[in-house]
Amino acid sequence: MWGSLKGFTVTFKHMFKKQVTVDYPERPPKLEARYHGRHVLNRHPDGLEKCIGCELCAWACPADAIYVEGADNTEAERYSPGERYAKVYQISYARCIFCGLCVEACPTRSLTMSNEYELAADNRRDLIFTKEQLLAPLTEGMERTPHPMRLGDSEKDYYGTGTDNPGASQGAEFSSVELSELLKQRTESERSSENA
Ligand code: SF4
Ligand code: SF4
């Protein structure tokens with residue numbers, strides 16, 4: 001009898017303590033702004049892609065999770081300012097350990113990380129995110145690539161201020177929470193158009 005009562009005191013003590021469990025997914029936990037979630041390939045304010053297909057992120061990745069194939073822009077088909085763009089860009093979330101080294105290695109601030117963490121899948125193929133999935137959503141004033149340079153005649157007009165002054169580019173400067181919300185909306189609309 002005494003042993004049972006002693007055992008129940010532990011239970012009763014916990015009834016009055018602050019709960020540490022979260023009511024997920026109904027009430028998702030609040031994450032810090034610098035949380036390392038899924039990646040985003042950012043755009044310039046006119047919609048051109050900031051990625052130049054240099055592969056530095058892939059070389060920096062300790063988990064070999066990134067695959068990039070670069071290609072040349074042409075005047076008829078331009079995806080980024082300057083010579084090169086990423087024709088193929090993939091990140092495998094079956095491998096990624098969310099260390100952020102790829103973000104540090106990116107010379108154009110193309111690659112950043114959002115707060116999005118709902119990345120579960122029941123097969124490896126769905127965990128490989130393609131460039132189309134990783135590209136930042138188009139916002140006001142942006143146009144889907146390919147299209148000509150709208151903000152100047154050379155890549156310097158884009159990157160010259162873009163790296164020193166992050167305010168001159170779009171995507172990386174969304175708050176992580178805001179960007180995660182936009183990405184979620186896009187994923188949901190893609191899913192509903194697939195089901196239609
Ligand atoms: S966050 Fe780390 S593990 Fe993931 S892709 Fe980037 S460098 Fe690789
Ligand atoms: S994301 Fe950055 S580092 Fe990676 S290929 Fe594009 S420009 Fe290069």
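The structure is a predicted model. The chain contains 6 helices and 5 strands, and from the N terminus on these elements follow the order α-β-α-β-β-α-β-β-α-α-α. Of its 196 residues, 27% count as buried.

**Overall layout**

- Among the contacts that join residues at least 6 apart in sequence, 76% link residues that are at least 24 apart.
- Helix α1, made up of residues 2-15, has 14 residues and reaches 20 Å from its first C-alpha to its last, which is close to the 20 Å expected at 1.5 Å a residue.
- Helix α1 is hardly covered, since the count of buried residues among its 14 residues is 0.

**The largest nonpolar core**

- The largest nonpolar core has 24 residues, and those that touch the most other members are Leu-41, Cys-51, Cys-57, Ile-66, Tyr-89, Cys-102 and Leu-134.
- Two or more residues of this core come from each of the elements β1 (39-41), β2 (66-72), β3 (84-92) and α6 (176-195), and strand β3 gives the most, with 4 residues.
- Tyr-89, once its neighbours within four places in sequence are left aside, is in contact with Leu-41, Cys-51, Val-68, Lys-131 and Leu-134.

**Ligand 1 and its cysteines**

- Ligand 1 is surrounded by 13 residues, of which Cys-61, Ala-63, Cys-96, Cys-99 and Cys-102 are the closest.
- The shell around ligand 1 consists of 12 nonpolar residues and 1 polar residue, with no charged ones.
- An unreviewed UniProt entry carries the annotation "binding site" for Cys-61, Cys-96, Cys-99 and Cys-102; although these residues are spread over 42 residues of sequence, they cluster in space, with a largest C-alpha distance of 10.4 Å.
- Cys-61 is found in the loop between α2 and β2, and it counts as buried because it has 20 C-beta neighbours inside 10 Å.
- Apart from residues up to four places away in sequence, Cys-61 touches Ile-66, Leu-101 and Cys-102.
- Cys-99 is found in the loop between β3 and α3 (101-105), and it is partly exposed because 14 other C-beta atoms lie within 10 Å.

**Ligand 2 and its cysteines**

- Around ligand 2 there are 14 residues, and Cys-51, Cys-54, Cys-57, Cys-106 and Leu-111 come nearest.
- The shell around ligand 2 divides into 10 nonpolar residues, 3 polar residues and 1 charged residue.
- The annotation "binding site" in the unreviewed UniProt entry also covers Cys-51, Cys-54, Cys-57 and Cys-106; they are spread over 56 residues of sequence and yet cluster in space, with a largest C-alpha distance of 10.4 Å.
- Cys-54 lies in the loop between β1 and α2 (56-60), and it is partly exposed because 17 other C-beta atoms are within 10 Å.
- Leaving aside neighbours within four places in sequence, Cys-54 is in contact with Gly-70 and Pro-107.
- Cys-57 has its place in helix α2, and it counts as buried because it has 25 C-beta neighbours inside 10 Å.
- Not counting residues up to four places away in sequence, Cys-57 touches Ile-66, Cys-102, Ala-105, Cys-106 and Leu-111.

Note on methods:
Residues numbered from 1 in each chain as written. Chains lettered and ligands numbered in written order. Predicted model: local features only at pLDDT ≥ 70, side-chain atom pairs only at ≥ 80, totals over all residues. Core = buried A, V, L, I, M, F, W, Y, C linked by C-beta atoms within 7 Å. Buried ≥ 20, exposed ≤ 12 C-beta atoms within 10 Å, placed from the backbone. Contact = placed C-beta atoms within 7 Å. UniProt positions renumbered as here; feature names shortened; annotations may be inferred. Near = placed C-beta within 6 Å. Nonpolar A, V, L, I, M, F, W, Y, C, P; charged D, E, K, R; others polar. Expected span 1.5 Å × (residues − 1).
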